[in-house]
Amino acid sequence: WSLPNAERYALQYADGRQTYITESNRGEIKNGSILRLTTSPDQEAERLYSGIQSNNSDVKTDSLKKLASLSQDVTFAQEFINRNGLKQIFYIVEERNDTGEMLAHTLKAFMELMEHDFVSWETLSAAFIKKIVNYVNMNAVDVSVQQLSLSILENMVPTSRLLFELVKKEVTLDRLLTHLQATNAELQLKAMALLIALLLAATDTEQRDMMEYLREKNIRQFIHKNIIHSSEPPGDEMAHYLYVLQSISLNLCERRMRTPMDPYSQEQRELLQSLRQTAFESESEAPASNVSTERRRSLCAKEFRKLGFMNNSNPAEDLRRAPPGLLALDNMVYFSRHTPNAYSRFVLENSSREDKHECPFARSSIQLTLILCEILHVGEPCSETAQAFYPMFFGQDHFFEELFCICIQLVNKTWKEMRATQEDFDKVLQVVREQITRTLSLKPTSLELFKTRVNALNYSEILKLRQTERLHQEETLAVPVLELRERLKPELLELIRQQRLLHLCEGTLFRKISSRRRQDKLWYCRLSPNHKVLHYGDVEEGVHSPPIESLPEKIPVADMKMLLVGKECPHMKEKSSGKQNKDILELAFSIVYDVEEYCLNFIAPSRYEVSLWMDGLNVLLGKEMTSERMQRDLDVLLSMELKLRLLDLENINIPDTPPPVPKPPSNLNFCYDFRHAEQ
């Protein structure tokens with residue numbers, strides 16, 4: 001437009017995040033985008049740099065507020081940092097004693113500027129960190145300032161060992177627990193985020209000590225009462241933190257799980273002997289002096305055999321396998337000491353059965369411990385996105401051991417229901433695994449409820465469920481039916497295509513996950529009703545289905561070139577291999593559009609969403625749907641359609657080949673002649 005001093009101006013998106021248009025991103029402008037003429041990023045950075053140094057508090061507050069908003073833009077952030085703007089922010093925090101709104105805007109601006117990774121967290125001064133720590137530790141501070149301070153510390157902790165140690169020393173666990181007990185849900189969330197960041201950055205020993213301290217302070221009871229059973233259910237981010245806390249707690253069992261029994265350890269041998277003595281103490285009351293060593297050894301071997309050890313002369317050999325290692329021994333000892341009646345009943349009941357029908361306690365305990373470790377993912381690293389915590393975990397001290405006590409009695413009950421023999425051992429444990437996983441999937445809120453439900457799910461119920469599932473999967477494999485199946489496929493595939501496109505039109509809420517595990521930014525993507533444009537844009541927490549007009553960004557379907565999944569996605573290549581997580585890889589996909597350097601990157605909330613979006617995008621690209629979900633849906637629809645069509649053929653065997661057509665008759669004299677009838 002031939003403006004004088006054109007370099008002082010820039011174009012900026014009028015909607016959404018209001019990003020500046022630069023040479024690097026100008027190719028991303030879509031038809032229909034509304035732009036506005038504004039001052040250039042360097043001019044704006046210069047003006048705000050002066051504004052935040054103003055002696056007029058109103059000017060200063062307005063400048064900091066604008067700075068907090070504009071710092072989300074990478075171009076502006078670069079200009080402001082180049083002017084040593086961070087130094088001025090440090091000065092405001094370190095030297096002045098501002099509180100309330102002005103300080104909140106300053107910390108928000110600092111957070112946004114650091115998000116671009118232009119400056120290392122390790123360059124922060126001790127005075128600045130001390131101030132941030134003080135805001136967390138002081139009571140008379142604005143809540144918004146405390147939230148931002150907790151977020152800053154959370155982002156600081158994973159970046160270096162030095163910063164971790166500093167934050168761990170200055171912000172005590174007691175202080176974090178105080179914030180956790182706040183009525184403000186956002187402050188509670190930020191405190192939990194910092195606690196989890198500290199736990200994840202700690203060494204194994206530090207983590208163990210911290211968890212022990214938290215246990216002494218009854219954090220479990222507090223979470224169970226005030227977070228899980230509060231008036232509002234935990235949000236996605238809090239659910240993730242609870243999952244991580246559960247995972248860290250369970251992983252404390254890993255050391256024992258991976259340690260095989262040492263037959264020369266006096267302590268471990270005594271634990272093993274205590275199992276025998278608790279079960280058979282009345283039988284072992286004969287005075288030791290009257291029994292020879294050989295006779296005593298023979299008695300011990302016999303009792304260990306009754307306990308269900310495979311190697312009864314040297315039972316320690318059974319516990320040499322790791323996993324489950326010493327964890328299995330710990331569980332058996334816990335069961336014998338905390339529920340001695342149930343333990344004695346289990347052992348003595350099976351001692352009196354015929355040899356081939358006795359349920360071996362020790363062998364079952366070792367295998368059950370291994371099954372529980374697999375189901376609860378003991379020893380596995382935390383997922384960056386999972387939210388699958390068990391409410392009952394926070395409702396019980398010694399959760400793993402108590403769960404074992406319930407499940408080992410379930411093994412005995414199922415063994416009797418199946419009338420099992422030693423040859424059926426693996427089969428029984430397979431049923432028990434199914435009983436446990438099916439009950440856990442119902443998310444019982446307490447171990448008592450879990451016990452009730454898992455015992456109600458007896459062997460006959462499992463058989464019924466398996467039968468029902470088998471009937472759903474089965475279909476007649478006769479050749480004519482397979483031909484009918486092939487004829488029905490195109491029509492049903494079209495039905496699935498329409499459903500996938502309809503899902504894309506409804507849209508999905510996605511999360512942005514950066515390298516520092518932040519999950520607080522949301523964006524929404526949906527397909528236009530005419531299937532020609534993908535609309536997307538940032539949204540606030542709590543918005544579930546924003547109208548299409550509120551999503552500023554667009555990608556015409558005609559411009560889409562290809563679909564990338566998993567490791568092929570650019571946002572997966574950028575992540576460091578150390579932090580790479582199998583779960584995230586399975587949820588990642590990208591759309592390549594225009595020329596190949598432009599990508600829209602997604603991390604779906606679930607595998608179900610991945611399947612629906614992959615199928616829908618493949619339909620838009622004119623390609624085949626390839627997801628497992630599509631195959632499952634197609635199988636279900638085909639099975640239903642076939643059953644409906646074959647209802648009239650119930651109990652009739654369908655031959656593989658059609659019956660032969662008979663030969664034509666030797667003459668056609670049997671044919672009725674109408675002409676004679678007319679005469």
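Which residue of β5 does L522 stand opposite? L522 stands opposite V539 in β5.

## Basis of the model

This is a predicted model, in which local features need pLDDT of at least 70 and side-chain atom pairs count only at pLDDT 80 or more, whereas totals for chains, interfaces and linings use all residues. Residues are numbered from 1 along each chain as its sequence is written, and side-chain values use heavy atoms, with hydrogens and water left out.

## Domains

The domain assignment gives domain 1 (258–281 + 293–440) and domain 2 (489–633), the bounds coming from an automatic or database assignment. Taken over C-alpha atoms, the centres of domain 1 and domain 2 are separated by 46 Å.

## The four-stranded sheet

Strands β3-β4-β5-β6, in that order, form an open sheet of 4 strands with antiparallel pairing; strands are DSSP runs of E of at least two residues, helices runs of H or I of at least four, numbered from the N terminus, and two strands pair if DSSP finds at least two bridges between them. Because β3 (508–512) and β6 (553–556) each have a single partner strand, one side of each is left without a neighbour in the sheet.

Strands β4 (residues 521–527) and β5 (residues 533–539) run antiparallel and are joined by 6 bridges. Helix α24 (residues 479–506) packs on the sheet and touches β3 and β4, its direction making about 135 degrees with that of β4; contact means heavy atoms within 4.5 Å, and angles run from 0 to 180 degrees between N-to-C directions of axes fitted to C-alpha atoms, for helices over the stretch in contact.

## The three-stranded sheet

A further open sheet, of 3 strands, has the order β7-β8-β9 with antiparallel pairing, and its edge strands are β7 (560–565) and β9 (598–603). Strand β8 (residues 588–593) pairs with β9 over 6 bridges, and V592 has C599 in β9 as its bridge partner. Helix α27 (residues 607–620) packs on this sheet, touching β7, β8 and β9.

F510 and F589 form an edge-to-face pair, with 6.5 Å centre to centre and 70 degrees between the planes; rings of Phe, Tyr and Trp (its six-membered ring) pair if their centres lie within 6.5 Å, and planes under 30 degrees apart count as stacked, over 60 as edge-to-face and the rest as tilted. F510 lies in strand β3 and F589 in strand β8, so the pair ties together parts that are 79 residues apart in sequence. Ring pairs link F510, W523, Y536, F589, F602 and W613 into a cluster.
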